[in-house]
Amino acid sequence: VQLQASGGGLVQAGGSLRLSCAASGLAFSYYIMAWFRQAPGKEREFVAAINWSGTTTHHADSLKGRFTISRDNAKDTVYLQMNSLEHEDTAFYYCAAARTRADRIAPMAPTMFYDYWGWGTQVTVSS
């Protein structure tokens, strides 16, 4: 199983980025997909999760309105659209997969067990 994140980079504050996480080796539509991030010297932080069909999402309260998770099961890919980026969003972003077809993903998404974790992508926001 591989979860390969891409789309990170250097962006100015106020800008936007769209991250992608391409999955392989798993039945993608059987998994909740999530994004996490970790900044240097900080704990890993939940960003957002989406259920298997894409009909239910859960975003960290502090990021609502700026970040949006989505998925395309035909492409085995989950996305994270990040708008109005702030310097504090600078972190390593990576995706995770949890095998369940549960439609309800909140409030457990931040702390539930994830079967697979992928390689991440660095996002740097200059102030």
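Arg71 lies in strand 7. The model is predicted, so local features require pLDDT of at least 70 and side-chain atom pairs pLDDT 80 or more, whereas totals for chains, interfaces and linings use all residues. Residues are numbered from 1 along each chain as its sequence is written, and side-chain values use heavy atoms, without hydrogens and water. Strands (E, at least two residues) and helices (H or I, at least four) are DSSP runs numbered from the N terminus.

Arg71 is buried but has no salt bridge. Buried denotes under 20% relative accessible area, exposed over 50%, and partly exposed the range in between (1.4 Å probe, protein chains only). A salt bridge requires a side-chain nitrogen of Lys or Arg within 4 Å of a carboxyl oxygen of Asp or Glu. Lys and Arg count as positive, Asp and Glu as negative; His and the chain ends are not counted. The nearest side chain of opposite charge to Arg71 is that of Asp76, 7.1 Å away. Backbone oxygens lie by the arginine instead. That of Phe28 is 2.9 Å from a polar atom of the Arg71 side chain, and that of Trp52 is 3.4 Å from such an atom. A polar contact is a pair of N or O atoms within 3.5 Å; within protein, one must be able to donate a hydrogen and the other to accept it, and residues adjacent in sequence count only if both atoms are side-chain atoms.

Asp76 itself lies in the loop between strand 7 and strand 8. Its phi is near 50°, a positive value in a residue other than glycine. Asp76 is partly exposed, at 26% relative accessible area. Lys75 occupies the loop between strand 7 and strand 8 and is exposed, at 55%. Lys75 is 56 residues from Leu19 in sequence; their C-alpha atoms are 14 Å apart. Ser84, in the loop between strand 8 and strand 9, also has a positive phi, about 50°, although it is not a glycine. Ser84 is partly exposed, at 42%.

The largest nonpolar core has 41 residues. Such a core is a set of buried Ala, Val, Leu, Ile, Met, Phe, Trp, Tyr and Cys residues joined through side-chain atoms within 4.5 Å. Trp35, Leu80, Met82, Tyr93 and Tyr114 have the most contacts inside it. Elements giving two or more residues to this core include strand 1 (2–6), strand 4 (31–38) and strand 11 (121–126). Strand 9 gives the largest share, seven residues. Contact means heavy atoms within 4.5 Å. The link is right-handed, with 50° about the S-S bond. Cys21 belongs to strand 3 (residues 17–24) and Cys95 to strand 9 (residues 91–99), so the pair ties together parts 74 residues apart in sequence. Both cysteines are buried.

His59 is found in strand 6 (residues 57–59). It is buried, at 12% relative accessible area. A polar atom of the His59 side chain lies 3.5 Å from the backbone oxygen of Phe67. Leaving aside neighbours within four places in sequence, contacts of His59 include Phe46, Ala48, Lys64 and Ile69.

A cis peptide bond joins Ala106 and Pro107, with omega about 5°. Pro107 is in the loop between strand 9 and strand 10 (116–117).

Technical notes: Disulfide = S-S within 2.5 Å.
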